[in-house]
Amino acid sequence: MNTTPLRQQLKAGLLSCSLAILAGACGLNPQNADIDINNTLPEAKSTIYQDAVSKMGLMAEIYQLPYLNIMSKDISDKTGTSRPTSGEIPNDITEMVKSTLNGIGGNIQFIPYDPSFFLNSANTGYSEFTNKAIPDLVVSGGITEFDRGLVTKGDSTEIEATSGDFGLSFEDQSKGSLAQVTLDFNMIDFQTLAAIPRIQAINGIKLHKAVKEDSFAFTVKSVTLGAKGTIKKVQGRHAAVRLLVELSMVQLLGRYQTLPYWTLLPGGQADNVVIDQLNRFYYSVTERQKIAFIQRLLYLHGYQVAADGRLNGPTQDALQQAAGKLNLTAAGIDFDTFLALYENVPIDYATRYRSEKIDGVFALLEDDGQAPLESTQTSVEQVAVSPESNTPIIDDGVITLNTDSNNYAIGDTMGIRFSVDQPMFVRLVVINSSGEVSTLFPNPYQSDSYCKPGVEYQIPPRNADFTLDIGGPVGTDKLRAVASSKPIAAEALHFTPDGEFDELKMAGLPVRAGVNINIR
């Protein structure tokens with residue numbers, strides 16, 4: 001009896017039955033196909049640089065910088081890869097630039113650039129520019145690099161086993177790639193149509209892409225069943241470009257306005273372009289201007305000091321307090337102190353209110369046709385102004401006084417440095433916490449009290465045969481210096497009970513300086 005056809009019929013019947021049961025168990029009825037989708041509400045776009053963009057305008061207001069009208073040229077993909085890659089990167093990012101510039105606010109006013117709109121306006125006869133804002137600056141740039149395959153790597157694992165009519169296989173594959181996008185921006189002077197040197201922003205970001213695929217299969221009597229899964233993750237190219245645009249606009253305007261913009265950025269590092277501009281400014285002004293500017297910065301930090309260009313007791317007290325907050329070893333009239341105060345001004349509305357109380361607090365930052373601070377030429381009368389009277393102070397000269405520390409222990413040695421900005425006689429005394437007054441300069445080793453500008457005098461001088469040793473009592477000692485075009489007798493110095501200059505008795509000696517030191 002031939003049973004082969006019967007066995008084949010039974011095998012086919014069992015397979016059909018198994019498939020029917022499997023389909024029924026899994027609910028695989030084609031007529032009942034359905035899928036669930038997630039419903040999400042619209043949400044405002046927010047990035048890690050959004051806060052920096054919104055605070056940039058407030059920072060410019062606090063530093064009292066002039067208003068700027070800014071226009072942007074069309075900003076697009078300069079690599080030509082946006083279309084061949086099916087839009088992996090955007091072809092036109094002009095609107096991103098516009099939104100960022102318009103979101104800064106403060107002293108920044110964005111002016112749209114639309115040639116077709118201008119032409120249409122002219123055709124209708126509305127081409128009068130009397131009431132229209134003219135730009136000061138123009139932003140140009142684009143996407144300049146898109147490297148899709150900087151790094152490509154992959155690995156796979158395959159396992160296969162068979163035994164008679166049974167088989168088993170497993171495969172795992174992983175692939176990863178790294179791409180990079182770079183944006184370039186430059187600032188152009190609208191009047192001259194020339195690029196402004198060093199006012200540019202070049203920023204890039206690395207983008208990751210990963211694919212993982214797993215498959216599993218088993219075979220029974222030539223029938224194969226299995227499962228396969230694939231997952232693909234790609235870092236958003238368009239979102240990354242928006243981050244670069246926001247970072248670049250903050251950097252571009254920060255460099256142009258000489259602002260410490262990096263303090264607004266997460267993990268921001270000091271910008272050498274801005275630091276160089278500040279260095280040029282600081283060393284181009286007189287000693288009195290430096291003091292007045294530091295006094296204004298101290299005022300913005302919350303200290304009650306007047307910007308009179310004199311290194312008086314209140315200014316020294318404020319510097320000493322600021323040194324602790326800013327982690328400075330010692331604060332004085334030097335670039336490190338100036339920079340620390342400048343880049344750490346609180347950016348909030350309370351500080352903005354304080355800046356409004358002082359007229360012309362940053363007169364030295366007025367634009368002279370170039371980037372601010374590049375070639376500032378300001379007279380003493382513009383800087384040394386009393387906030388109460390707004391009256392220029394007559395330039396009687398400046399004496400600058402510093403110590404190598406503000407804190408000493410009994411037994412320590414102290415070093416004192418001072419300088420004058422014009423030929424003057426100097427007398428320096430110390431008032432200890434008990435009110436006792438001692439003369440430190442002139443002294444038996446330095447008997448000539450006539451001092452010249454451009455020289456930093458030291459007590460004790462280099463290679464001297466004596467030292468200044470700290471003794472008791474503990475408390476606050478006050479160093480007070482006076483300079484004049486005539487020799488100063490010890491009897492000409494008068495102090496109040498708390499160690500400050502007696503203003504009524506010393507009105508004829510206006511050139512003074514003071515430093516307080518703590519003795520423990």
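In this predicted model, S484 is buried, with a relative accessible area of 15%, which puts the residue under the 20% cut-off. S484 sits in strand β17, which covers residues 475-484. Its side chain reaches over to the backbone nitrogen of K486, at 3.3 Å. Setting aside neighbours within four places in sequence, the contacts of S484 are M424, F425 and L509.

The side chain of E500 meets that of K478 in a salt bridge, 3.7 Å from N to O. This pair ties together distant parts of the chain, with K478 in strand β17 and E500 in the loop between β17 and β18 (511-519), 22 residues apart. K478 and E500 are both buried. E500 also forms a salt bridge with R480, at 3.4 Å from N to O. Again distant parts of the chain are linked, since R480 belongs to strand β17 and lies 20 residues from E500. Like E500, R480 is buried.

Ten salt bridges turn up in the structure. One of them joins E287 and K290, whose closest N and O atoms are 4.0 Å apart. Both residues lie in helix α7 (residues 287-300), three residues apart, or about one turn of the helix, and both are buried. Elsewhere, E61, R352 and E356 are linked in a salt-bridge network.

As for sheets, three strands make an open one in the order β8-β11-β15, with antiparallel pairing. Its edge strands, β8 (399-403) and β15 (457-459), each pair on one side only. From one strand to the next, the twist averages 20 degrees. Five bridges hold the antiparallel pairing of β8 with β11 (residues 416-420), and T400 stands opposite S419 of β11.

Notes: Residues are numbered from 1 along each chain as its sequence is written. This is a predicted model: local features need pLDDT of at least 70, side-chain atom pairs count only at pLDDT 80 or more; totals for chains, interfaces and linings use all residues. Side-chain values use heavy atoms; hydrogens and water are left out. Helices (H or I, at least four residues) and strands (E, at least two) are DSSP runs, numbered from the N terminus. Buried means under 20% relative accessible area, exposed over 50%, partly exposed in between (1.4 Å probe, protein chains only). A polar contact is a pair of N or O atoms within 3.5 Å; within protein, one must be able to donate a hydrogen and the other to accept it, and residues adjacent in sequence count only if both atoms are side-chain atoms. Contact means heavy atoms within 4.5 Å. Two strands pair if DSSP finds at least two bridges between them. Axes are lines fitted to C-alpha atoms, for helices over the stretch in contact, and angles run from 0 to 180 degrees between N-to-C directions.
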